[in-house]
Amino acid sequence: MKKAMHCYVSGRVQGVFFRMATQEQADLFGVTGWVRNLPDGRVEVMACGDDNQLREMKDWLRRGPDMANVLDMECEDAEYIEYETFSIR
């Protein structure tokens, strides 16, 4: 069963290749959706997939890429939308 989650990641998450690394991980996990930087310094993520895929994605978002320093992450269930790929916005 396909589900979706909408997350906000804060800390040192901009200027550290967070979006590109998130896209790479999403492709590895088979997750679709998108990622974008927000003006307040956070990164916003919409991820769609099954329970296992979303769990893997959430675990990765808590860490981020090597240069990132994730201080907080808020995720909530979202309405599932069929995306073809995972894109950077």
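Helices (H or I, at least four residues) and strands (E, at least two) are DSSP runs, numbered from the N terminus, and two strands pair if DSSP finds at least two bridges between them. The model is predicted, with local features needing pLDDT of at least 70 and side-chain atom pairs counting only at pLDDT 80 or more, while totals for chains, interfaces and linings use all residues. Residues are numbered from 1 along each chain as its sequence is written, and side-chain values use heavy atoms, leaving out hydrogens and water.

**View A. The hairpin of β2 and β3.** Five residues lie between these two strands, and Gly41 in the turn has a positive phi of about 95°. The strands pair in the antiparallel sense over six bridges. Look for Gly33, whose bridge partner in β3 is Ala47.

**View B. β3 and its other neighbour, β1.** Here β1 and β3 run antiparallel, joined by seven bridges. Cys7 stands opposite Val45 in β3.

**View C. Both faces of β3.** Val43, Val45, Ala47 and Gly49 are buried on one side, and Glu44, Met46 and Cys48 on the other (buried means under 20% relative accessible area with a 1.4 Å probe, protein chains only). Seven of the seven residues of β3 are buried, so the strand is largely enclosed by the rest of the structure.

**View D. The buried face of α1.** Phe18, Ala21, Thr22, Gln25, Ala26 and Phe29 are buried in this helix. Seen down the axis of α1, its buried residues fall within an arc of 140° (taken from the directions from the helix axis to the C-beta atoms), so they line one face of the helix. Just after α1, Gly30 takes a positive phi of about 80°.

Conventions:
Buried means under 20% relative accessible area, exposed over 50%, partly exposed in between (1.4 Å probe, protein chains only).
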